[in-house]
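Here is a short report on one protein chain. It covers the fold, the overall dimensions, the surface and the charges.

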Amino acid sequence: KISYEADRYVALQSELAEVQRAKERVEEKLRSEFDAERQKLQEAQQKMQANHQKELEAMRSQLKFNLEHFHETLDTTETTCETQMEQVRVSGLVKLKSQESLVTQLRKEQDSLLRGLDLMEKEKEKISKEQNDAQGKIESLGNKVEELKRTVNGLRVERKERDSTLAEKEKKISE
């Protein structure tokens, strides 16, 4: 029985050695896979950094171009504004001269209007006298209007009474 146990012990020892070798092979395989994956990740990170650097350089180049274009546009706009300001100034001078001649013309017209105003005041006095005469007639017509208003109000009251009477009769008929 000891020899059986000794054989079994040797077999277990050899099996243990085999398991340890398998374990070492698996560990070595895992280390190599881990190292390969780490290498791939490092390469991918370096590529991403290179791409980001290229994008950054492209953005810097675009920014530089945009700034140059902005300054060119600004210079062009400034020149255009100065030209427009000069045109406005010249136009203003022309309008000023036109307004001065217009003022002279308006003064002449004002004198004519003042003479016409004197004539109109005389005419107004004449019309005022005629209005006083017409005022008497207006007062008599005003009295007639008051009398007619009273008549109209009376007729309205009478009409309301008739409408209410009619409504009552229609109500009775419908019942």
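## Arg115 and the helix

Arg115 is found in helix α1. Helices are DSSP runs of H or I with at least four residues, strands are E runs of at least two, and both are numbered from the N terminus. The protein chain has 1 helix and 0 strands. This is a predicted model: local features need pLDDT of at least 70 and side-chain atom pairs pLDDT 80 or more, while totals for chains, interfaces and linings use all residues. Numbering starts from 1 along each chain as its sequence is written, and side-chain values use heavy atoms, without hydrogens and water.

Arg115 has a relative accessible area of 53%, so it counts as exposed (over 50%; buried is under 20%, partly exposed in between; 1.4 Å probe, protein chains only). Arg115 and Arg162 lie 47 residues apart in sequence and 65 Å apart in space, C-alpha to C-alpha.

## Dimensions

The C-alpha trace spans about 160 × 90 × 20 Å along its principal axes. The radius of gyration of the protein chain is 58 Å, whereas a compact globule of 175 residues would have one near 16 Å. That radius is taken over C-alpha atoms, and the globule rule is 2.2 Å times the number of residues to the power 0.38.

## Surface

Buried residues make up 0% of the 175 residues. Met120 lies in helix α1, residues 2-174. Met120 is exposed because its relative accessibility is 57%.

## Charges

The protein chain carries 34 positive and 37 negative side chains. Lys and Arg count as positive, Asp and Glu as negative; His and the chain ends are not counted.

Methods: Charge placed at Lys NZ, Arg CZ, Asp CG, Glu CD.
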